[in-house]
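Please read them beside the model.

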Amino acid sequence: VRQSAEAVIIGGGVIGCAVAYHLTRAGIRPVLLERDGLAIGASGANAGGIGASSGIPGRTLSYMRKSLELLVTDVRELDRPVEMVLGGRLHVALDSRERAAMEEFVKVRQHEGMDITFLTGDDARALEPALGPAVLGAAHVPSEGHINPFLLTHAYAAAAQQRGAEVVLGVEATGLQVSGGRITGVQARGDSISTPLAILAAGAWSASLLAPLRVVLPVKPGRGQMLVTVAVPPLMMKHVIRPGGLGIRQAIRGNILIGSTLEDVGYDKGLKISTLASFARAASEMIPALEDVPIVRAWAGLRPMTPDRVGIIDTLPDLPGLILATGHSRTGVTYAPITGVLVTQLATKGTTDMPLDPFRLSRFSAGGAQQPASREASRRIRA
Ligand SMILES: Cc1cc2nc3c(=O)[nH]c(=O)nc-3n(C[C@H](O)[C@H](O)[C@H](O)COP(=O)(O)OP(=O)(O)OC[C@H]3O[C@@H](n4cnc5c(N)ncnc54)[C@H](O)[C@@H]3O)c2cc1C
C-alpha cells in the first residue's frame, strides 16, 4: 500500500467505485481500500433495479432522476458491459387498497413532472403479457429498468484505475488518523496512508470506523434475501415491483431475479426457507409462468440502512478532510452516479451544485436539518 495519497476511499462497493471514477475525472487519483473483493457487499447482492420513482416526492425524487440521467452518461463513457436495460418498470397492485395507493403514487409523481402513468390491469397485461390476472392495476415508468450491479461496480473501478486510481483489495481500513482537528491519514492494519481526504463508503460497516472519533453514524445492516432462477427464454420485458419491495426482473442472460426482504437481524446473512417460499408464491401470483421455472440459487446481502432509508452524503464541519458517502439503504445502485458527482464536488470545491439537505447527517440529530452536523450533535443522538 502506498504511504500517501491525494484521497483514500474506504469500501469497494458501487458507491466507493463510483466515487473513485468521478474523482479521477476531476483529476484526483485516490487509493481505494477494499478489505475483501469488489462488490462483495450489498453491491453484489442486490436486485439491480434502477429507477427514480421510488424517490420521495419533494425530497429525493429529483436527485434520483438526476442520478439516472448521470448513469446513462456514465455507462456510455465507461464503455464496458454492464447489462443495463431501460425497458420500463411496473409497480403493480394486487388488491383494491394497493390500486388506490398506486393511483395516488402516480398522481404525486406526475405533479413532479415524471413520465409515469397509471394502467388498468388489462392495459398492464397488454404491455407486459407475462402479468397474471391477479394484477389489478399498475404504475408504468418507461424510463426505468435494471442493470448488473456487479458489472457496474467493476466497470467503475476499472475506469478509475485507468485514470490513475489505485484499487487495493484484501486490505481493511482500521481507523482514521486525526491531527490538529482534521483528517491526516487512514490506518490499514499495520500500515498507514497519509492523506488530506478520506471518503467513507464502507456500506453497512461504516459506523464502526467513526465510533472511536465519537461520531455516531446511524447506519445499520438491513438483510435482503434474493432468489434466482435458471436462465429461461425471454419471458418478461419489464421490471415488475410489488408494493413493499418484492421485485421480479429478467436479466439479459435470461435468469429471473426475485426479491427481496428488509430484515433487521444484524450482520446475519442467513437464508430462510419460509421467506424463499413466500417469494416463490408471490412471484407466481404476479407472473404465473414462473411457477415451474427451476430455482438455481439464493443469497442474502446487507444493505447500509439509515432510519429514513435515505443515504448520507456529507462532511463534518468540525472534522475537515472526511466525506461520508454511505447509508444508501434500498437504492444505492441508483444513487451511485450522483453520489460520485456530489462527493467529487465536495472534494474539489467544498460545495455542491445541488443542495445536500436530504443527505445531511444532521437530519438525525435532535434539531433536525437546522443543526450543524457536528460531533456534539451526533453525541446527542447517542444520548
Ligand atoms: C437484496 C438486496 C436488494 C437490493 N436491491 C436494490 C435495487 O434493486 N436497486 C438499488 O438501487 N439498490 C438495491 N439494493 C441496495 C444496494 O445494494 C445498496 O444500497 C448499495 O449496494 C450500497 O453500496 P455501498 O457501496 O454503500 O455498500 P457495499 O456494497 O456493502 O460496499 C461496502 C464495501 O466496503 C467494504 N468494507 C467495509 N468495511 C471496510 C473497511 N473497514 N475497510 C475496507 N473495506 C471495507 C465491504 O467489504 C464492502 O465491499 C439492494 C440491496 C440488497 C441487499
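1. A backbone N or O atom of Val333 lies 3.0 Å from an oxygen atom of the ligand, a polar contact being a pair of N or O atoms within 3.5 Å. The protein covers 97% of the 1,000 Å² of accessible area that the ligand has on its own, by the Shrake-Rupley method with a 1.4 Å probe.

2. This is a predicted model, in which local features need pLDDT of at least 70 and side-chain atom pairs count only at pLDDT 80 or more, while totals for chains, interfaces and linings use all residues. Residues are numbered from 1 along each chain as its sequence is written, and side-chain values use heavy atoms, with hydrogens and water left out.

3. The ligand is surrounded by 39 residues, counted when one of their heavy atoms lies within 4 Å of it; Ser43 is among the closest, as are Glu34, Gly49, Ser329 and Arg330.

4. Among the elements that each supply at least two residues of this shell are helix 1 (14-25) and helix 8 (332-349), helices being DSSP runs of H or I with at least four residues.

5. The contact (heavy atoms within 4.5 Å) between helix 1 and helix 2 is made by Tyr21, His22 and Arg25 of helix 1 and by Asp74, Glu77 and Leu78 of helix 2.

Key. A polar contact is a pair of N or O atoms within 3.5 Å; within protein, one must be able to donate a hydrogen and the other to accept it, and residues adjacent in sequence count only if both atoms are side-chain atoms.
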